[in-house]
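Hello,

Here is the structure I promised to pass on to you. Please have it open beside this email while you read.

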Amino acid sequence: MKRFILILAVTILAYSTVYSSEQIPDRLIIGKDTIYLKTFPLEYLRVKHRALKAPFDYDGYPFSHTACYRGYVATWQIIDETLTLKEIEKIDSLGTQLNIIEYFTNSVYTPKTLNGYVVADWYSDTLKLYDFFCYNFAYKRNDFYVSRDFGGEKDKRIELVFENGKLVRNDIIPIETYLLGDTLGLDVYYYQNWFVGYKPVYVQGIVRENNGKKVLLEIFSLGTDKKSIKRKLQKEIYIGYVWVNPRYCKKNQQNCINFQQKTP
């Protein structure tokens, strides 16, 4: 019995490790915004209807690398408050496009269409702010991510709610509502040591510019007077001005953020 439990534990550990790679996101277009999904609506349908095969073949495998086990990137668009599937793109150098209507027609699932796109009437989910730790230090990426709440964290902000393909709740704040002079607060993580790991400090800044995608913050408080911590923070952010996606911030509230170094 002990041997069986040991084998089971090792198997579960191995499985979780294999599928622990960060996955390339899908894209969701809402008005002028492009939101990056860390949850995959098409996979819900593929699990429910097993006759819906993998969209692409990679020399006998459904994927080409572990950063995208589903083997594709889908683009979704909200039309008339309805979630629609716009395109499915192969993970290759050519960006090969799938004939979506033909793909569905050849399966057991008969799709509805809207403006030539497939209506995702199978999809119901609540998506929250996705602030996975690695993105706090991604200088070149400052996108906005949403995902399922896998950890059951009640304090995570709800951003989108879908019911049978209908968008019934949209709490994503329009970028244009962030005005010059607004004060934003956020947590910035720095590496302390191998024993403690990463710790946050509360950073505050004033909005000095809004380019329609991000805002330029003038940092006026690093939340600490310790020179050693300030030196570590200088490795993560430009002390002075920094472009940020403000929807990872809340006014006078702590939150996480992705930084991109840039001088004004």
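Below is what I found in it, from the overall picture down to single residues.

First, the ground rules. This is a predicted model, in which local features need pLDDT of at least 70 and side-chain atom pairs count only at pLDDT 80 or more, while totals for chains, interfaces and linings use all residues. Residues are numbered from 1 along each chain as its sequence is written, and side-chain values use heavy atoms, with hydrogens and water left out.

**Overall picture**

The protein has four helices and 15 strands; these are DSSP runs numbered from the N terminus, with helices (H or I) of at least four residues and strands (E) of at least two. Of its 264 residues, 44% are buried. Here buried means under 20% relative accessible area, exposed means over 50%, and partly exposed is in between (1.4 Å probe, protein chains only). The protein exposes about 15,000 Å², and carbon and sulfur atoms supply 53% of that; accessible areas come from the Shrake-Rupley method with a 1.4 Å probe, and for residues only the protein chains shown count as cover. Among contacts (heavy atoms within 4.5 Å) with a separation of 6 or more, 58% are between residues 24 or more positions apart.

**The cores**

A nonpolar core is a set of buried Ala, Val, Leu, Ile, Met, Phe, Trp, Tyr and Cys residues joined through side-chain atoms within 4.5 Å. The largest one has 40 residues, and those with the most contacts inside it are Leu28, Trp76, Phe104, Trp122, Leu160 and Phe162. Strand E3 (residues 72–79) gives the largest share of this core, with five residues. A second, separate core has 17 residues, including Tyr178, Val215, Ile219 and Val242.

Phe104 is worth a look on screen. Not counting residues up to four places away in sequence, Phe104 touches Leu42, Leu45, Leu85, Tyr109, Pro111, Val118 and Trp122.

Strand E3 also holds Thr75, which is buried at 4% relative accessible area. Leaving aside neighbours within four places in sequence, Thr75 is in contact with Arg27, Ile29, Thr84, Leu85, Lys86 and Glu87.

Phe144 sits in the loop between strand E7 (125–129) and strand E8 (145–147), yet Phe144 is buried, at 3% relative accessibility. Its contacts, leaving aside neighbours within four places in sequence, are Ile35, Tyr36, Leu129, Arg157, Glu159, Ile172, Asn245, Arg247 and Tyr248. From Phe144 to Tyr130 the C-alpha distance is 8.0 Å, and the two are 14 residues apart in sequence.

**Salt bridges**

A salt bridge is a side-chain nitrogen of Lys or Arg within 4 Å of a carboxyl oxygen of Asp or Glu, and the structure holds 11 of them. One joins Glu22 and Lys38, with the closest N and O atoms 3.3 Å apart. Glu22 lies in the loop between helix H1 (2–18) and strand E1 (26–30), and Lys38 in the loop between strand E2 (33–37) and helix H2 (41–48), so the pair ties together parts that are 16 residues apart in sequence. Glu22 is partly exposed at 28% relative accessible area, whereas Lys38 is buried at 8%.

Another pairs Arg208 with Glu218 (2.6 Å, N to O). Arg208 is in strand E12 and Glu218 in strand E13 (residues 215–221), 10 residues apart, and the pair links distant parts of the chain. Both count as partly exposed, Arg208 at 42% and Glu218 at 26%.

**Cysteines**

How many disulfides are there in the whole structure? The search finds zero, a disulfide being a pair of cysteine sulfur atoms within 2.5 Å. Cys68 is buried at 1% relative accessible area, and Cys249 is buried at 2%.

**A patch on the surface**

Tyr191, Trp194, Phe195, Val196 and Tyr198 form a nonpolar surface patch with about 650 Å² of accessible area together. Patches are made of residues with over 30% relative accessible area and no salt bridge; like charges are joined within 9 Å, and nonpolar side chains (Val, Leu, Ile, Met, Phe, Trp, Tyr) within 5 Å. Phe195 lies in the loop between strand E11 (183–193) and strand E12 (197–210) and is exposed, at 67% relative accessible area.

Best wishes
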